[in-house]
Amino acid sequence: MTITDWPHAAAGPTPETVPPAAVSGTPAPVSPTPDAVSRTPEFVSGTESGTGTKKSSGRLTGTQKWATGAIVIAALTLAGIGLYLSFEHVAVFAHDKLRFATLEKGQLFAVGVDVGIMVMIAVDLLMAWLKRPISWIRYPVWLLTAATVVLNAASGAPSGAWEPMDYIAAGAHGVVPILFITVVELGRNAIDRFVRPDQAERDSIPLLRWVLAPIATARIFRRMRLWGVTSYPEMIRRDQELIAYEQWLKRKHEGDISEASEDELLPMRMAPYGYTVAQALAMPDEQEQAAQERAEEAERRRLEAQTRSEVAKAESEAEQLRAKGKVELVQAEIDGQTGQARAHARAQVSAAERAAELEQKALDSAVVAEARAREAEAERQAAEQRKATAAADLAKAELERQAAEQRRAAAEADKVAAAEAGAIETERIAQARRAAAKADLEAAELERQAAQKRKEAAEADRVAAAEAQAIETQAIAEARKAAAEADRRAAETEKAAAETRRAAAETERKKAEENRLREVALADAARAQQAAAEAERAAAETRRAAAEIERRAVEAEDAAKLKPRERAVRKVARMILAAGGNADQLPLTKIQHELAVTSPGTASEYRQEAAELLAGGYRP
């Protein structure tokens with residue numbers, strides 16, 4: 001091994017015990033310890049102390065039960081004997097020496113002391129049996145027993161000078177009470193081991209070591225009690241490891257330990273506080289890690305606060321957007337309903353106007369067509385009448401022509417007759433007859449021309465009637481076309497109204513979807529608020545329960561009139577229970593803050609004593 005090498009441990013830890021944890025949790029050892037410089041002698045094992053290393057099965061056999069019953073009967077017999085002997089001596093001594101007025105009052109005093117001792121012993125044994133031992137109750141029992149021993153010894157003291165036999169007599173008066181208390185302590189330990197077989201048993205220091213090295217052994221005993229080390233081999237291993245480390249440090253610095261760094265001197269400085277060499281050397285790394293963890297925790301809290309602020313801001317903006325969306329939705333709904341009503345009204349008005357116009361046009365067209373039809377019928381009838389009249393005139397003209405022909409023939413005949421008579425008629429009569437015949441011929445020609453004109457007029461009337469009928473048919477077709485156009489426009493208006501109603505229905509559907517989403521969001525928000533309220537209520541209930549436990553604990557401490565340090569240790573024990581029951585999980589900084597102490601060593605002492613108190617069965 002070189003000077004800079006890490007020294008090997010003096011002795012490896014025993015498998016039955018584990019070293020106590022460090023202030024901030026014990027890390028892995030700095031280096032392994034493959035071998036040991038020296039071994040612990042065999043006499044340091046737990047078997048010599050009477051505790052043993054094997055755990056009880058927790059159940060008694062039939063023989064063990066009988067033996068236990070016999071021991072209990074013997075202990076009760078011993079208690080009765082002790083009470084009987086102590087009662088008379090203490091009563092007489094109280095009456096004679098302690099100035100009790102009567103013997104009866106002295107007897108009551110003796111009975112009160114003995115009954116008080118028995119009651120406290122019974123309570124102590126009962127609580128040990130219930131796995132809730134009360135550690136401090138044994139001290140009043142010891143005090144009262146010591147008082148009883150003193151009183152019994154004083155009752156046997158001589159009135160004059162002391163002789164050797166007087167000392168023996170005074171000591172004999174205290175043998176039975178001491179023996180009884182010893183039996184009670186044995187019973188209490190037996191019950192505690194029986195009901196709590198998993199509890200670590202404290203090793204006792206061998207008697208031979210007390211004889212050979214009383215001062216060093218007393219220091220070891222003190223450290224074992226202060227720092228809760230239950231294993232005597234473990235305590236020896238720690239001392240040997242510290243001595244080996246000091247020797248290694250001297251070799252490293254050539255005998256001058258003052259040249260060592262602060263970190264290298266930590267094992268010697270922290271040894272009085274229960275630290276092992278590995279724990280003390282690991283302290284700088286642990287403190288740096290703890291500082292880094294605190295910085296990370298502060299950063300995490302800052303980021304969480306920033307995240308909560310951003311989330312709150314986003315939720316506020318989302319709430320504003322939702323409110324704005326609600327307003328816009330209501331406005332769109334109102335505008336849609338208004339537009340739908342207006343479009344529907346306009347469509348209805350337009351359709352009504354178009355229908356009225358078409359009906360008016362159709363009515364006008366029907367009236368005009370009917371009037372034109374009647375007029376055409378009248379003109380047709382008039383034309384027919386004119387045609388008939390023309391035909392009659394033509395027939396009359398033809399008859400007149402025939403008559404004229406006949407008259408002309410008659411005239412020719414008359415002319416021939418006149419010519420035949422020649423001599424009878426005169427020239428003037430002949431001329432008159434010729435003039436009359438000519439006039440008749442001209443009249444016949446005029447009649448023929450008039451009949452021809454009447455025929456042409458009748459044909460013109462017929463053509464005009466046909467043209468009027470054709471014009472009337474075209475007007476009816478135009479009216480039908482206009483009606484069809486009106487029907488088309490009415491259909492388009494109805495289509496526009498249907499489109500408006502569809503848009504309104506779509507708006508209603510969107511509104512319903514928005515309402516549903518809003519209800520879902522409100523329900524989620526309500527559930528989130530309910531969960532937050534439930535969490536807050538559970539936290540408040542937890543705080544109330546913790547405050548109630550703290551109040552009851554303070555009342556119990558006040559009733560017990562505990563010292564400030566004992567109160568502080570119990571408060572730290574309650575803090576450990578609140579942190580989960582593990583003392584390593586309770587930071588020293590929290591203890592310093594709660595108890596207003598500045599020294600980490602004092603806080604560590606409080607935590608160690610609180611751990612021992614909890615291990616002893618303390619529960620608030």
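**View 1. Lining of the largest cavity.** A79, G82, L83, S86, D114, I117, M118, T145, T148, P177, F180 and I181 line the largest cavity of this predicted model. A cavity is a set of points on a 1 Å grid over the protein atoms alone where a 1.4 Å probe fits but cannot get out, and lining residues have an atom within 4 Å of a point. The space in the largest cavity is about 140 Å³. Helix α1 gives the most to this lining, with 4 residues. Residues are numbered from 1 along each chain as its sequence is written. In this predicted model, local features need pLDDT of at least 70, side-chain atom pairs count only at pLDDT 80 or more, and totals for chains, interfaces and linings use all residues; side-chain values use heavy atoms, without hydrogens and water.

**View 2. The second largest cavity.** About 40 Å³ of space lies here. Its lining consists of I121, D124, R138, V141, W142, I181, V184 and E185. Helices α2, α3 and α5 each give two or more residues to this lining.

**View 3. Helices α7 and α14.** The axes of α7 (residues 214-227) and α14 (residues 600-615) come within 8 Å and cross at roughly 80°. The two helices are therefore roughly perpendicular (65 to 115 degrees) to each other. R225, L226 and W227 in α7 meet E605, Q608 and E612 in α14, where contact means heavy atoms within 4.5 Å.

**View 4. Confidence along the chain.** The chain averages a pLDDT (the predictor's confidence in each residue, from 0 to 100) of 76. Over residues 1-53 the pLDDT is below 50. Where pLDDT is low, the predicted coordinates should not be read in detail.

How values were computed:
Axes are lines fitted to C-alpha atoms, for helices over the stretch in contact, and angles run from 0 to 180 degrees between N-to-C directions. Angles under 35 degrees count as roughly parallel, over 145 as roughly antiparallel, 65 to 115 as roughly perpendicular and the rest as oblique. On a 1 Å grid over the protein atoms alone, a cavity is a set of points where a 1.4 Å probe fits but cannot get out, and a pocket is an open set with protein on both sides within 12 Å along at least five of seven lines; lining residues have an atom within 4 Å of a point. Grid points are joined across faces, edges and corners, and a volume is the space filled by probe spheres set on the points.
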